[in-house]
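Here is a friendly briefing to keep beside you while you turn the model around on screen. Please have a first look at the sequence and the fold, and then read on.

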Amino acid sequence: MTLTSWRSVRRYFRTRPTAGHPPPLTRHPDGRTEIAPVPVGILLGVTPDADFPTVDVPLPPGTVLALYSDGLIEAPGIDIDDATARLACCLTNAGDQDVDDLADTLLQHAARTVPGTDDIALLLVRVS
């Protein structure tokens, strides 16, 4: 999963290189969803003195942050960027569900779009 350090969940989170994992999604209070701008960098552990740039992503109240593994979106023959965009669209279309129902919605999306041979990790945070 994306290496993330929480400074203040009410304000923003800092994200570092993904080490090959998909980027976080942020669903804003107005309903639009964005793919977080995650810097691409060297895999973690390759070199002990690697520099890992960070990006701060604002999290105003009402924002939903989705962190997930590639098992939620990856399917043979499907472009990973297209699959990520479809997940972002699903998050947008889910409306203002509580996080339990939202998790079910995203997992149902995966059941329809991925073969189910990979594990899935999903963490949803709604900022209050």
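Contact here means heavy atoms within 4.5 Å. With that in hand, Pro29 is in contact with Pro60, Pro61, Gly62 and Thr63, leaving aside its neighbours within four places in sequence.

What you see is a predicted model, in which local features need pLDDT of at least 70, side-chain atom pairs count only at pLDDT 80 or more, and totals for chains, interfaces and linings use all residues. Residues are numbered from 1 along each chain as its sequence is written, and side-chain values use heavy atoms, with hydrogens and water left out.

**The chain as a whole**

- The chain has 2 helices and 7 strands; helices (H or I, at least four residues) and strands (E, at least two) are DSSP runs, numbered from the N terminus.
- Read from the N terminus on, the elements follow the order β-β-β-β-β-β-α-α-β.
- Of the 128 residues in the chain, 38% are buried; buried means under 20% relative accessible area, exposed over 50%, and partly exposed in between (1.4 Å probe, protein chains only).
- Among contacts between residues at least 6 apart in sequence, 63% join residues at least 24 apart.
- The accessible surface comes to about 7,000 Å², and 53% of that belongs to carbon and sulfur atoms. Such areas come from the Shrake-Rupley method with a 1.4 Å probe, and for residues only the protein chains shown count as cover.

**Nonpolar cores**

- A nonpolar core is a set of buried Ala, Val, Leu, Ile, Met, Phe, Trp, Tyr and Cys residues joined through side-chain atoms within 4.5 Å.
- The largest one has 19 residues, and those with the most contacts inside it are Leu25, Leu87, Leu102, Leu106 and Leu124.
- Strand 6 (64-68), helix 1 (80-93) and helix 2 (99-113) each supply at least two residues of this core, and the largest share, 5 residues, comes from helix 1.
- Not counting residues up to four places away in sequence, Leu102 touches Val64, Leu91, Ala94, Gln97 and Leu124.
- There is also a second, separate core of 5 residues, which includes Leu59, Leu67, Val125 and Val127.
- In soluble globular proteins, nonpolar side chains tend to be buried together.

- Strand 6 is mostly covered, with 5 of its 5 residues buried.
- Val64, Ala66 and Tyr68 point one way from strand 6, while Leu65 and Leu67 point the other way. In a regular strand the side chains alternate between the two faces of the sheet.
- Strand 6 pairs with strand 3 (residues 25-27) in the antiparallel sense over 3 bridges, where two strands pair if DSSP finds at least two bridges between them. Here Ala66 is the bridge partner of Leu25.
- Strand 6 is also joined to strand 7 (residues 122-126), antiparallel, by 5 bridges, and Val64 stands opposite Arg126.

**Salt bridges**

- The whole structure holds 3 salt bridges, each being a side-chain nitrogen of Lys or Arg within 4 Å of a carboxyl oxygen of Asp or Glu.
- Asp30, Arg32 and Glu34 are linked in a network: Asp30 meets Arg32 at 2.9 Å, N to O, and Arg32 meets Glu34 at 3.7 Å, N to O.
- Asp96 and Arg126 meet at 3.2 Å, N to O. Asp96 lies in the loop between helix 1 and helix 2 and Arg126 in strand 7, so the pair ties together parts that are 30 residues apart in sequence.

**Places worth a click**

- Pro29 is found in the loop between strand 3 and strand 4 and is partly exposed at 49% relative accessibility. Its C-alpha atom is separated by 7.3 Å from that of Pro61, 32 residues apart along the chain.
- Gly31 has its place in the loop between strand 3 and strand 4, yet Gly31 counts as buried at 14% relative accessibility.
- Ala83, in helix 1, is buried with a relative accessible area of 4%. Ala83 is in contact with Ile73 and Ile78, leaving aside its neighbours within four places in sequence.
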